[in-house]
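I opened the model to look up its strands, a pocket, its nonpolar cores and a few backbone angles. My entries are below.

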Amino acid sequence: MYLSKAAKLASLCALFLLITACEEEQGSVPTYEVSEREFKISVSAFGEIEAAEAQKIASPGNQPMILEWLAPENSIVQAGQVIARFDAQRILKDSRDEELEMLKLQQDMTKNNAIQTQQQKDIESDQTFVKHEFAFVDRFAIDDLRIYSQLEIIDTLQNRDFLEAKDDFLEWKESSIDQQHESESAVLNIRNSGHAAKYDRYQQALSKLEVVAPYSGLLIYEKDRRGEKPSVGQTVFPGRAIANIPNLDSMQARIFVLANDAIDLALKQTVNIRLDAFPDRAFSGKINNVAGFPRSIERGNPVTYYEITVTLDMQDKRLMQPGRKITAQIEVKQPEPTIVVPLQAIHHDKGKSYVYLKLDSQFSRSEVISGRKNQYVVEITSGVTKGDVVALSIPESVAIGDPS
């Protein structure tokens, strides 16, 4: 009858306990005889093959653009061949908008200059009139009391004072108008410069709508920080690496380990690798980099992983192609004889670890110091020795060493 993996695992565990444990003669408490056994710790991981060295191809220009066409991934491209093309419609529209804004500003500048010229002519006309008034007053001004009365003489003098004040006002107004129009012209020039800079940027973008391969080789699209590759219709920001041409002679593995499982990972640890497409082929490598902090690798998924880079012990161009999925086992602790007990034999109380040690026909609670553990057993560094018998469940009565 066909058995699932879970059923097989349960059967193996039951067989293990049946071989190593014996029932207490006068009770139903299962026990385990402590011995040295091969103990190892391995961590599961998944990932893919990638190139250790690759020539990256970045998005050109200096503004976001929309992808219109992409060359097929994993295809062989030649140097100078177009591998991506961006949509020009949005850029053309934005370019025309900026050009229209510059034309509007040119009209505003022309209008501003015309207003300034008209105001200056009005002031010059008023100044000419004041000059004529001055000449008239000076010509007919007589201060002889025998001819004009005192009030008439005072009125003439007041007229001259008024003309002098008006002349000063016109000079101030002329200077004020010049300053005002200089300020308005400066603002218009600044706005025009901004639109001109955007227009030039759009023109540069229009000249860089096509991305070409700088070298010949296998085309691989680059994932972003969310694990997504470029696609048609996607907006790409300037400078982002959209593709790379890998060096197929130097491949490595990039794998991910659940943050909760990433314990005691270190450089140079052995990693056993299997390709999902060829599960019968096994490879090995060594850890050469572990990320400093975990991160999510899937949008909307809060589960975090540590990213690990693995140097492969051998290269095989036929099998190790970029993007091929792999599963891996990281050997955190190599197999070696160690005193271990099953996980269910360890009990905890107030920050300390205990086992129930069998002495003759009774049990006593004994403090132990535990080390690392795997899915089934935990190593004991102090508290029990080889040949001791410990309970696999809490006994009903404890004769000695019972804190109660």
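The entries follow in the order in which I looked things up.

**Ground rules.** I am working from a predicted model, in which local features need pLDDT of at least 70 and side-chain atom pairs count only at pLDDT 80 or more, while totals for chains, interfaces and linings use all residues. I number residues from 1 along each chain as its sequence is written, and side-chain values use heavy atoms, with hydrogens and water left out.

**Open sheet.** I looked up a sheet of four strands, and it is open, with antiparallel pairing in the order β8-β7-β5-β11. Strands here are DSSP runs (E, at least two residues) numbered from the N terminus, and two strands pair if DSSP finds at least two bridges between them. I noted β8 (210-212) and β11 (235-236) as the edge strands, each pairing on one side only. Strand β7 (residues 82-86) is joined to β8 by three bridges in the antiparallel sense. I checked V82, and its bridge partner in β8 is V212.

**Positive phi.** Which residues other than glycine did I find with a positive phi? N74 has phi near 65 degrees, and K350 has about 55 degrees. I placed N74 in the loop between β5 (65-70) and β6 (76-77). K350 lies in the loop between β19 (347-349) and β20 (352-359). I then looked up accessibility (buried is under 20% relative accessible area, exposed over 50%, partly exposed in between, with a 1.4 Å probe and protein chains only). N74, at 46% relative accessibility, counts as partly exposed, and K350, at 80%, counts as exposed. For background, most residues other than glycine have a negative phi.

**Second largest pocket.** I read off a volume of about 730 Å³ for the second largest pocket. A pocket is an open set of points on a 1 Å grid over the protein atoms alone, with protein on both sides within 12 Å along at least five of seven lines, and lining residues have an atom within 4 Å of a point. The volume is the space filled by probe spheres set on the points, which are joined across faces, edges and corners. I sorted the lining into 11 nonpolar, five polar and 14 charged residues. Here Ala, Val, Leu, Ile, Met, Phe, Trp, Tyr, Cys and Pro count as nonpolar, Asp, Glu, Lys and Arg as charged, and the others, Gly among them, as polar. β3 gives the largest share of the lining, six residues.

**Strand β12.** The strands that each supply at least two lining residues include β4 (54-58), β10 (220-221) and β12 (241-246). How much of β12 is buried? Five of its six residues are, so β12 is largely enclosed by the rest of the structure. β12 pairs with β4 in the antiparallel sense over five bridges, and K56 has N244 as its bridge partner. Two bridges join β10 to β12, also antiparallel, and Y221 has A243 as its partner.

**Cores.** A nonpolar core is a set of buried Ala, Val, Leu, Ile, Met, Phe, Trp, Tyr and Cys residues joined through side-chain atoms within 4.5 Å. The largest has 41 residues, of which I255, I273, I330, V341 and V390 touch the most other members. β18 (325-342) is among the strands supplying at least two residues of this core, and its share, seven residues, is the largest. I noted a second, separate core of 22 residues, including F86, Y202, A213 and A243.

Conventions. On a 1 Å grid over the protein atoms alone, a cavity is a set of points where a 1.4 Å probe fits but cannot get out, and a pocket is an open set with protein on both sides within 12 Å along at least five of seven lines; lining residues have an atom within 4 Å of a point.
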